[in-house]
Amino acid sequence: MREKVTAIILAAGQGKRMKSNIQKQYISLGNKPIIVYALSTFSKCKEIDEIVVVVSPGDINYFKKEIIDKYNIEKVVTIVEGGKERYHSVYNALKYIDGNNNGYVLIHDGARPFVRKEEIKKCITSVKEYKACVLGVPSKDTIKKVEKEGFIEGTVDRKNLWLIQTPQGFSFELIKEAYVKFFEDSNTNITDDAMIVENYSDKKVKIVEGSYNNIKITTPEDLIFGEAILKHYI
Ligand SMILES: Nc1ccn([C@@H]2O[C@H](COP(=O)(O)OP(=O)(O)OP(=O)(O)O)[C@@H](O)[C@H]2O)c(=O)n1
Ligand SMILES: C[C@](O)(CO)[C@H](O)COP(=O)(O)O
């Protein structure tokens, strides 16, 4: 029997950088709320067995009616409430999955609507081999380290720099144990799940090359980039 693959789709952020009066995951892109794109792609991917969605406290009923039912999203086994930071939201989903999964989890930002089935499948193949992987793309820009005073301290070698995206895939046991250790520590300088595995386990995280279209909708201009990606690629 093949091991279960659970997708965790995160939709509990406040979207402060978007400066919108509605949470960015509910803003319309094309003719659908942003969150619907990733949910549909994961639910139509036959290698994904189940989906756990994380939403803001108080939003569960709204999400069920206005997103899951309205857009006929399949495979969602539960909707859990998120926490203050992204890592709290992920942990709440992992606690739900606990005891119910000895397979793999793919953690994905609901704010990344353009992930494709091929990328999800590449992550699944990689996580089965390496136990931990992230989607990413090589940096196309030169990246410099800047001092507090606004002067350049140095240039980082671009050959080794990748821009990290989601999904990020892990064996369930590995990510759960790393998250438990992380929460026993007082470190809060964490911006993705791979960092938790890097810092709280011995496992190396494998990079899976993705697409430059898999952007995170973060600031208002990303809505314009998103419309262009929809028009030309989707
Ligand atoms: N407490 C949080 C914070 C983020 N997220 C989710 O994690 C992803 C990360 O994207 P990000 O751009 O950081 O989202 P926000 O936290 O909403 O944005 P901001 O930092 O601008 O407030 C998003 O899908 C967001 O909904 C979450 O589920 N729970
Ligand atoms: C997980 C992530 O999308 C990888 O690029 C990113 O780190 C999320 O970061 P944010 O600080 O929550 O925007």
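**Exercise 1.** Leaving aside its neighbours within four places in sequence, with which residues is Ala111 in contact?

*Solution.* The model is predicted, with local features requiring pLDDT of at least 70 and side-chain atom pairs counting only at pLDDT 80 or more, while totals for chains, interfaces and linings use all residues. Residues are numbered from 1 along each chain as its sequence is written, and chains are lettered from A and ligands numbered from 1 in the order in which they are written. Begin with the location: Ala111 is found in the loop between strand 6 (104–109) and helix 4 (117–130), where helices (H or I, at least four residues) and strands (E, at least two) are DSSP runs numbered from the N terminus. Its contacts, defined by C-beta atoms, placed from the backbone, that lie within 7 Å, are Gly13, Lys24, Gln25, Ile34, Lys216 and Ile217. For Gly13, 98 residues apart from Ala111 along the chain, the C-alpha separation is 9.1 Å.

**Exercise 2.** Determine how helix 5 is oriented against helix 6 and which residues meet there.

*Solution.* Helix 5 and helix 6 (residues 193–200) pack at about 75°, with axes 9 Å apart; axes are lines fitted to C-alpha atoms, for helices over the stretch in contact, and angles run from 0 to 180 degrees between N-to-C directions. Helix 5 is therefore roughly perpendicular to helix 6, a term covering 65 to 115 degrees. From helix 5, Leu174, Ile175, Ala178, Tyr179, Lys181 and Phe182 meet Asp193, Ile196, Val197 and Tyr200 of helix 6.

How values were computed
Two residues are in contact if their C-beta atoms, placed from the backbone, lie within 7 Å. Angles under 35 degrees count as roughly parallel, over 145 as roughly antiparallel, 65 to 115 as roughly perpendicular and the rest as oblique.
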